[in-house]
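Subject: Structure handover

Hello,

Here is the structure for you to look at. My notes follow below it.

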Amino acid sequence: MATAVERIGDARDTLRRVFGFEQFRGVQAQVIERVLAGESTLAVMPTGAGKSLTYQLPATMLPGTCVVVSPLIALMHDQLRSARANGIRAATLTSVDDDRAATIAAFRAGELDLLYIAPERASQPHFRELLASAPLALFAVDEAHCVSEWGHDFRPDYRQLRPLMDASPQVPRLALTATADAHTRADVLSQLGIPPEGLVVAGFDRPNIRYAIRHRENGARQLADLLREQCGPGIVYAPTRRKVDDLSAKLAAASGRPVLPYHAGLPAEERAANQAAFVASEDMVMVATIAFGMGIDKPDVRFVAHAGIPKSIEAYYQETGRAGRDGDPALALMLWAAGDFAQARQRLGEIEEARQVGERARLDALARLVETPGCRRAVLLRHFGEDPPERCGNCDNCLEAPSVLDVTELARKFLSAVYRTGQSFGFGHVQKVLVGAEDERVRQRGHDRLSVFGIVGADEARLLQPLSRALQARGSLVPTEHGGLRLDGDARAILKGDAAVEIVQPPPTRKERRRREQAPNPVGDPLFEALRALRRELAAEAQVPPYVIFHDATLREMAAARPASLAELGEIPGVGARKLEAYGDAFLAVIRQH
Ligand code: ADP
Ligand code: ZN
């Protein structure tokens, strides 16, 4: 029996040889060590943390087959393709496969490293018999939260997995999920028969994602700027189908890049075709509702942009998490406006009362993320119960600290003007009253005789708009039915001097903004571009997406290191033995030419 140190040493060799990676990421080593020791584990790892490697790698080391339960056939075929590209002997057993007899024979003979199945299969008696007749290395259960009714994704079929696994008690279990609160975790452990000490939780930080949150002035133009500056595939999330159609047309025209729409209102074939095109592409932008992204494993998404606020911090984390899964620099840009919060708060009134408190808390948390002059990542990670450093160095506010203004006095003036004008006017009217504007409507209503008329001077006037946004974001002002504003939340505390209001210095100039959101992955290195072109050709030939051949990071590394031999090329992270053999000569030839 090998010792723990020997096992992890062997695992590291395999990591290099089969996957072409230098190091384990985060908790991967810990999880793999448990699997190799025959212990059962529940690994909670955020999207992009590299869950699949934790069973694929042991599967290549252990005798017998690793049976992988995965709920989405599309995802399975993706996985299969990536595994096979690394020379792993993998197969799927689904209703759409036509090589079932061959798969079953190979499985029985112990000639498969990985066998992917859908959870429905677990309840089929002949599959149970098949399992009993084949050598097994490991049970891997993907999206394991589906076994719990506490999770948001309960699937009854997952309940059949326990008896299936219990029939082979000597085979270790590895359950994997990205989403599980404490309650769901405990439930998954007991439902799948994994001991409590088998729980391994990875941190939520995604250090390669740069967070930037900006006020939306002209959304289409701001996004078009982003598309021009940031190369590589990207996703733009828009709140409604109509907005998706509108934005995708505008962005296609303005940026000259391939842009496609995706939402539930499109015919199924068109949706599938757009998704496939996106997965295969190196520079396409998908404008989509949040219906897009579930179950898409595209590691080289270079940016995710939100054209309006997401539903919650959880949703924001999940949606932005689709960027940069290959570990390369990626950008998450959110554009927000006061109206987004106003609408969301208005919708709160329409839901059942029992849920309102929770929903309001979610919205408040999101507002704090948007409004903070501090580190975005710190707010995010604290929200998930972590204790991050004060500054991350890779978000807009860390890269260029905004100055903070105490505007409590101005806020009191603003709120009392809202109050004194009867809580039924919108921003424009209140602003006119405060700056003492010559205005027919103001005079007609007698608002020029109020004590708040003209109490805001010219240099403070430019702060009224950002102040109003901030007050709406935190819920001190909420919209009325007729487009006015009324006091709510902590407005009274502010008026009484019991709560302070700070805002971030109003928006920087366009040029400053450019600098702040600069693409981490600039175009232009001719060798890098030539390597990408070769990758495109090879990918087209093999009918796989380009990232299956090599990741961007690998190509960039090649362009920088300029290896002169197969041996040198093999040193580059991401170049495993199998890929070296298949593509090495072609890539060396391109490097020699440049
Ligand atoms: P998850 O399922 O956790 O969302 P994946 O398993 O799809 O994540 O992995 C995300 C990406 O990270 C994949 O492209 C994978 O090849 C890459 N990856 C995984 N482990 C490593 C590692 N140790 N070093 C470098 N890249 C890795
Ligand atoms: Zn930061």
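Is A564 buried or exposed? At 53% relative accessibility, A564 counts as exposed. The terms work like this: buried means under 20% relative accessible area, exposed means over 50%, and partly exposed is in between, with a 1.4 Å probe and protein chains only.

Before the rest, some ground rules. This is a predicted model, in which local features need pLDDT of at least 70 and side-chain atom pairs count only at pLDDT 80 or more, while totals for chains, interfaces and linings use all residues. Residues are numbered from 1 along each chain as its sequence is written, chains are lettered from A and ligands numbered from 1 in the order in which they are written, and side-chain values use heavy atoms, with hydrogens and water left out.

**The ligand site**

Ligand 1 is surrounded by 16 residues. The closest are Q23, G48, K51, S52 and R325. To be near the ligand, a residue needs one of its heavy atoms within 4 Å of it.

The shell divides into five nonpolar, seven polar and four charged residues. Here Ala, Val, Leu, Ile, Met, Phe, Trp, Tyr, Cys and Pro count as nonpolar, Asp, Glu, Lys and Arg as charged, and the others, Gly among them, as polar. Domain 1 (4–201) and domain 2 (209–399) each supply at least three residues to this shell. Those bounds come from an automatic or database domain assignment.

Now the polar contacts. A polar contact is a pair of N or O atoms within 3.5 Å; within protein, one must be able to donate a hydrogen and the other to accept it, and residues adjacent in sequence count only if both atoms are side-chain atoms. S52 places a polar side-chain atom 2.4 Å from an oxygen atom of ligand 1. K51 uses its backbone: an N or O atom there lies 2.8 Å from a ligand oxygen. A polar backbone atom of A49 is 3.5 Å from an oxygen of ligand 1. On its own, ligand 1 has 570 Å² of accessible area, and the protein covers 85% of that. These areas come from the Shrake-Rupley method with a 1.4 Å probe; for residues, only the protein chains shown count as cover.

**Aromatic pairs**

How many aromatic pairs does the structure hold? There are nine. Rings of Phe, Tyr and Trp (its six-membered ring) pair if their centres lie within 6.5 Å; planes under 30 degrees apart count as stacked, over 60 as edge-to-face and the rest as tilted.

Y211 and Y316 make a tilted pair, 6.1 Å centre to centre with 45° between the planes. Y211 sits in strand β8 (residues 209–215) and Y316 in helix α12 (residues 313–320), so this pair ties together parts that are 105 residues apart in sequence. Helices (H or I, at least four residues) and strands (E, at least two) are DSSP runs, numbered from the N terminus. Y211 is buried at 2% relative accessibility. Y316 is buried too, at 1%.

F550 and F587 have ring centres 5.2 Å apart and planes at 75°, so they count as edge-to-face. F550 is in the loop between α25 (546–549) and α26 (552–561), while F587 is in helix α28 (residues 577–593), 37 residues away. F550 is buried at 2% relative accessibility. F587 is buried at 0%.

Elsewhere, ring pairs link Y262, F278 and F292 into a cluster.

**A buried arginine**

R535 lies in helix α24 (residues 526–542). Its relative accessibility is 0%, so R535 counts as buried. Its side chain makes a polar contact of 2.9 Å with that of D552.

**Two positive phi values**

Most residues other than glycine have a negative phi. Q423 is not a glycine, yet its phi is positive, at about 55°. Q423 is in the loop between α17 (408–420) and α18 (427–435) and is partly exposed at 22% relative accessibility. Q543 also has a positive phi, near 55°. Q543 lies in the loop between α24 and α25 and is exposed at 68%.

**Two distances**

Back to A564, which is in the loop between α26 and α27 (566–570). Its C-alpha atom is 40 Å from that of C398, 166 residues apart along the chain. I549 lies in helix α25 and is buried, at 0% relative accessible area.

Best wishes
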